[in-house]
Amino acid sequence: MKEEKVIADGIITDRSALDEILARDRLEIYEVVRICAGKPIFASEHYDRLVKSLASVGKEPVVSLDEFIGQIDQVVKANDLSEGNLRIEQYREPGDDTEHINIYHIPAVYPTDEMFAHGVTVAFMRAERDNPQAKIFDMQLRQKADEMIEKTGVTEVLLVNRNGEITEGSRSNVFFIKDNTVIAAPQHTVLPGITRMKVLQIMREDGIRYEEAPLKADEIDKFDSAFLTGTSKEVLPIATIESTAFDVDHPILRRLMRRYSELASV
């Protein structure tokens, strides 16, 4: 069987060359780019966020936008990848002053047609990110979330901070709908996801009302509908959070789902 190809510091090589590196603990600034029909979705937007995440911790990117897109294309072609997710991570190891970058394929689970039609189940998890504005890998939070998802069988967990407020999902952003208004947590408390950004763009273009406000976990029953956004999740209806049910066919939700699908397929 042909070994998977990756890029390490600009050089295409076998996946086994990264095994030791990926097993080590290191500070990673990363992006996950979805590949559809052999092409990256919103690659420029992902690069821009990578640059902002790096700047938030005093770093600069080691690749330009053209190199970022070109190396993604190299990995896609080397692995004959039509659909999937690529992880792009920049890191520095302890005692090493050199910034490194890897690009490689990672497993991805995409929602089924049934999930898009009937929604998914979600639970709460008490946790918060130290720096939500930057996409920094948090091993402890990820492990805690993964364990809870596996134990409960839910699709996602929503992070609830020390004030009892919902911020975001472990791998997604979350929105709520009340009447004709979409509501989300204040932007400074969440990772500004690329799918989230595109949904906000759609709402501006379509004249859909949008507000940001603290979202109390014990007050979610006042909302009519809710949904997740993310690179893999796209715009995904929530059927229940804990014991609270939501309308998965709300017209605004369905409109956002349709419009995002059109935007991502361009």
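The largest nonpolar core of this predicted model has 42 residues. Such a core is a set of buried Ala, Val, Leu, Ile, Met, Phe, Trp, Tyr and Cys residues joined through side-chain atoms within 4.5 Å. Here buried means under 20% relative accessible area, exposed over 50%, and partly exposed in between (1.4 Å probe, protein chains only). The residues with the most contacts inside this core are Ile 166, Phe 176, Val 182, Phe 227, Ile 241 and Leu 256. Among the elements that give two or more residues to the core are strand E10 (173-178), strand E11 (181-184), strand E14 (225-230) and helix H7 (251-264). Helices (H or I, at least four residues) and strands (E, at least two) are DSSP runs, numbered from the N terminus. The largest share of the core, six residues, comes from H7.

Leaving out residues up to four places away in sequence, Val 182 touches, among others, Phe 175, Phe 176, Met 203, Phe 227, Ile 252 and Leu 256, where contact means heavy atoms within 4.5 Å. Another core, of 17 residues, lies apart from the largest one and includes Ile 7, Ile 29, Leu 50 and Ile 101.

Asn 102 belongs to strand E6 (residues 100-106) and, at 1% relative accessibility, counts as buried. Beyond four places in sequence, its contacts include Ile 7, Asp 9, Leu 22, Arg 87 and Tyr 91.

Two loop residues other than glycine have a positive phi. For Asp 9, in the loop between strand E1 (5-8) and strand E2 (11-14), phi is near 50 degrees. Asp 9 is partly exposed, with a relative accessible area of 42%. For Glu 242, placed in the loop between E15 and strand E16 (244-245), phi is near 55 degrees. Glu 242 is also partly exposed, at 44% relative accessible area.

Ser 170 sits in the loop between strand E9 (165-169) and E10, yet is buried, with a relative accessible area of 3%. Its side chain makes a polar contact of 2.6 Å with the side chain of Glu 156. A polar contact is a pair of N or O atoms within 3.5 Å; within protein, one must be able to donate a hydrogen and the other to accept it, and residues adjacent in sequence count only if both atoms are side-chain atoms. Further contacts of Ser 170 include Arg 129, Arg 142, Ile 149 and Leu 159.

A search of the whole structure finds one cavity of 30 Å³ or more. A cavity is a set of points on a 1 Å grid over the protein atoms alone where a 1.4 Å probe fits but cannot get out, and lining residues have an atom within 4 Å of a point. The largest cavity holds about 40 Å³ of space, a volume being the space filled by probe spheres set on the points. Its lining includes Thr 167, Val 174, Phe 175, Ala 184 and Arg 196, and E10 gives the most to it, with three residues.

Residues are numbered from 1 along each chain as its sequence is written, and side-chain values use heavy atoms, with hydrogens and water left out. Since the model is predicted, local features need pLDDT of at least 70 and side-chain atom pairs count only at pLDDT 80 or more, while totals for chains, interfaces and linings use all residues.

Technical notes. On a 1 Å grid over the protein atoms alone, a cavity is a set of points where a 1.4 Å probe fits but cannot get out, and a pocket is an open set with protein on both sides within 12 Å along at least five of seven lines; lining residues have an atom within 4 Å of a point.
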